[in-house]
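Open the model in your viewer and keep the selection panel at hand. The stops below each say what to select and what is there.

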Amino acid sequence: MHDYAFDIAHLLASSLVLVSFMLIYQDRIYALLNVFALQALLLAFAVAWQAWIQGAHHLYVSAAIALIFKAMIVPWALHRMVQRLGIQREVETVVGVVPTMLVGMGLVALSVLLMLQLTEAAESAIAREDLAFSLSVILLGMLMMVTRRNAVSQVVGFMSLENGLILAATGAQGMPFVVEISVAFSVLIAMIVIGVFLFRIRERFDTVDVEVLDQYRGERQ
Amino acid sequence: MTASDALTAVLVLPAAAAAMLALMPGYRASAWGNVAASFLTFAAAASLFVLERPEPGAFLHIDDLNIVFIVLNTFVGFTAAFFSASYIGHELEIGRVTPVNLRFYHAMYQLMMFGMNLALVSNNIGLMWVAIELATLTTVVMVGLYRTHEALEAAWKYFILGSVGIALALFGTILVYMAAQPVLGEGQPSMIWTNLMTGAASFNPAMLNVAFVFLLVGYGTKVGLAPFHAWLPDAHAEGPTPISAVLSGLLLNVALYAVLRFKLLMAANPGALTPGPLMVALGLISLVFAAAMLYRRRDIKRLFAYSSIEHMGIIVFAFGMGGPLANFAGLLHMVMHSLTKSAIFFAVGSIAQIKGSQKIAEIRGLTQSHPALGWGLVLAVLSIAGMPPSGVFMSEFLVVTSSFSQMPLLTLVLVLGLLLAFGALLMRLTGFAFGEPSGQNAPMYGSLAPLWLHMALVLFIGLHMPQAMVDWFQTVAALLG
């Protein structure tokens with residue numbers, strides 16, 4: 001039974017990492033949002049599975065939040081926003097896809113090496129694997145944020161980074177409930193803020209391309 | 001009233017005020033409501049000094065370390081609210097904000113105070129993280145208040161960098177929990193500071209090491225340490241000036257407090273790496289980098305924002321060295337920097353309204369056109385540059401002497417950074433204060449009382465530091481190890 005539990009947890013957590021890679025090579029905004037929804041769905045399953053094997057019922061709430069809020073409402077809202085505001089449909093990258101993928105692989109190797117060595121003493125193999133995979137997802141999310149130009153794809157990068165954090169929080173056995181709720185809650189707040197910003201940015205600029213914002217950076221002459 | 005009532009008041013007052021201000025129409029009433037709420041919060045915080053302390057609870061606690069931060073926080077919160085009340089009306093007149101924006105601004109101000117106070121008194125690493133996140137999000141919104149190109153860009157950049165920082169800090173928090181969990185058991189007990197401190201010796205040191213790196217980078221982004229400082233100058237320059245004062249004077253301190261707490265945790269574990277060298281390196285890099293950047297600024301608020309990076313560098317350097325003297329110096333410098341830097345931003349706010357511009361080149365001869373403001377600025381800038389007899393001179397002197405005894409070679413770098421910053425600030429100051437007044441000379445609206453009050457305190461502490469304060473800081477410095 002234990003091996004079976006481990007295998008499924010392993011499968012779900014590692015597919016989160018794979019989907020993070022998929023996020024990196026998407027070149028259309030809609031596809032990017034769909035892949036993000038897929039990642040949130042996988043996260044919901046991973047969290048629910050942890051809730052089952054740890055017998056921690058409060059984690060089902062986190063899973064439900066991931067499923068309903070992150071896998072459905074957020075991608076839908078962003079979809080509409082892109083449509084309504086007539087935002088450019090292509091994802092512009094700062095660095096090409098191939099170098100980004102290579103860097104991503106390096107980051108995954110790094111986080112697996114670091115985390116497995118670090119948690120050698122830990123008794124639970126699931127927690128070890130989870131931590132290694134979640135650090136990979138976090139680093140890949142960060143990588144995505146720095147290699148994208150559009151505000152929407154940076155937001156998606158940030159949310160995928162948050163997915164990694166939630167995976168880590170649920171993998172830590174018995175981490176108090178207050179934290180899961182707060183994580184989910186902060187995502188909600190973050191989305192509101194982001195929404196407000198995107199709207200205002202749209203109000204002032206003709207594009208939500210962060211590169212355009214950068215023109216105003218630095219000292220005003 | 002007992003201390004736990006006072007502790008509750010420190011949190012409930014700003015939260016309730018935020019709700020009330022959000023409903024209150026009319027900006028005058030809400031501006032003074034903001035001042036009144038901030039004053040009551042300060043009074044509640046100050047009463048914590050005399051009241052008997054309660055036992056640490058599952059969520060809140062008060063000890064020798066955080067009481068210094070909380071009193072400073074509520075005091076500057078109050079003076080900045082007072083300045084804001086006199087300042088913000090003119091912003092409305094010249095059409096930079098709308099009445100609805102202002103209502104929002106005052107509610108957010110109290111919400112931010114709530115977040116910072118909660119972060120300082122929380123006894124739970126998870127709760128502290130949530131509180132710092134809340135304080136950050138409210139300041140992001142306030143930085144974007146003017147809705148100009150620059151303000152939106154600054155807010156966006158602050159938001160993105162701040163979120164990445166806070167995400168890394170959360171990962172570090174999770175790792176600390178995982179290190180604590182085998183020793184302290186599952187659930188709530190493994191997140192409580194007071195428990196963590198007693199059990200820290202038997203945590204897995206490797207786990208703590210990695211956790212600390214994440215926490216230092218995460219919260220260090222909020223402290224504004226180079227190379228994670230990119231949000232700071234923009235956020236200071238584009239937001240309303242009272243918020244620049246609060247950012248520099250308070251929010252940076254709250255993030256620093258989090259770093260110090262985790263440093264204490266590391267020190268309690270014999271196998272963990274000593275966090276000192278990491279903090280010393282980051283502090284020195286910030287100091288020298290920011291001091292060099294001071295020379296090329298054209299915007300007055302950016303100039304003083306870089307000066308904040310420089311001073312946070314000095315403080316982190318001092319705490320990184322450790323030992324009673326260096327910790328004492330770090331604490332004193334933190335308090336002096338908060339008071340002086342917020343005083344400078346109060347002056348800068350008035351200057352920007354008088355001149356209708358933040359460009360350094362357009363600000364000339366203030367001592368002639370507005371003597372009280374001009375000389376106040378001279379005094380404040382000389383203080384922050386480290387001239388005697390201000391309190392900043394005393395704390396910088398202590399940092400330099402303790403660094404001589406502990407790491408003589410690095411003292412050279414430290415002194416170089418200090419001199420660079422001194423030169424840049426003096427060069428700019430002569431331009432601001434003396435010569436023929438130039439440009440627009442509108443009447444002044446901002447109150448000068450908070451500026452002079454802060455400067456009086458800084459000078460008083462520099463000339464004659466009260467024995468009670470010396471004793472207090474010595475206790476805290478010993479606690480910091």
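**Stop 1: a salt bridge in chain B**

Select D64(B), which is partly exposed at a relative accessible area of 23%. This is a predicted model. The side chains of R53(B) and D64(B) meet in a salt bridge, 3.2 Å from N to O. D64(B) sits in helix α3 of chain B, while R53(B) is in the loop between α2 (27–47) and α3. The two residues are 11 residues apart. R53(B) counts as partly exposed because its relative accessibility is 32%. Over all chains, the structure holds 6 salt bridges.

**Stop 2: a salt-bridge network**

Select K157(B), D234(B), E238(B) and R302(B) together; a network of salt bridges links them.

Start with K157(B) and D234(B). Their closest N and O atoms are 2.5 Å apart, in a salt bridge. K157(B) lies in helix α6 of chain B and D234(B) in helix α9 of chain B, so this pair ties together parts 77 residues apart in sequence.

Next, take R302(B) and D234(B). Here the salt bridge has its closest N and O atoms 2.9 Å apart. R302(B) belongs to helix α12 (residues 300–321) of chain B and D234(B) to helix α9 of chain B, so the pair joins parts that are 68 residues apart in sequence.

Are these residues buried or exposed? K157(B) and D234(B) are both buried. D234(B) has a relative accessible area of 5%. R302(B) is buried too, with a relative accessible area of 4%.

**Stop 3: the two domains of chain B**

Colour chain B by its domain assignment: domain 1 (1–273) and domain 2 (274–481). Their centres, taken over C-alpha atoms, are 22 Å apart. Where they meet, 51 residues of domain 1 of chain B contact 49 residues of domain 2 of chain B. Together the two domains bury about 4,400 Å², and 76% of that is on carbon and sulfur atoms.

How many salt bridges are there between domain 1 and domain 2 of chain B? The count is 2. Polar contacts across this interface come to 14 residue pairs. On the domain 1 side, α3 (64–93), α8 (205–223), α9 (231–238) and α10 (241–267) of chain B each supply at least two residues that touch domain 2. Of that side, α3(B) gives the most, with 17 residues.

**Stop 4: the nonpolar core**

Select I70(B), F171(B), Y219(B), F262(B) and F304(B). They have the most contacts inside the largest nonpolar core, which has 252 residues. Helix α6 (residues 149–184) of chain B gives the most to this core, with 21 residues. Domain 1 and domain 2 of chain B both contribute residues, so the core lies between them.

Zoom in on F262(B). Leaving out residues up to four places away in sequence, F262(B) touches I125(B), M128(B), V176(B), W193(B), F212(B), L215(B) and Y219(B).

**Stop 5: across to chain A**

Find Q181(B) in helix α6 of chain B. Q181(B) counts as buried because its relative accessibility is 13%, under the 20% cut-off. Beyond its neighbours within four places in sequence, Q181(B) contacts Q173(A), E186(B) and S190(B).

Follow Q173(A) into chain A. The secondary structure of chain A comes to 8 helices and 0 strands. Of the 221 residues in chain A, 54% are buried. Among chain A contacts with a separation of 6 or more, 74% are between residues 24 or more positions apart.

Conventions:
Residues numbered from 1 in each chain as written. Chains lettered and ligands numbered in written order. Predicted model: local features only at pLDDT ≥ 70, side-chain atom pairs only at ≥ 80, totals over all residues. Heavy atoms only, no water. Core = buried A, V, L, I, M, F, W, Y, C linked by side-chain atoms within 4.5 Å. Buried < 20%, exposed > 50% of the residue type's maximum accessible area, 1.4 Å probe, protein only. Helix = DSSP H or I, 4+ residues; strand = E, 2+ residues; numbered from the N terminus. Domains from an automatic or database assignment. Contact = heavy atoms within 4.5 Å. Buried area = accessible area lost by both parts, 1.4 Å probe. Salt bridge = Lys/Arg side-chain N within 4 Å of Asp/Glu carboxyl O. Polar contact = N/O pair within 3.5 Å; in protein donor to acceptor, adjacent residues only side chain to side chain.
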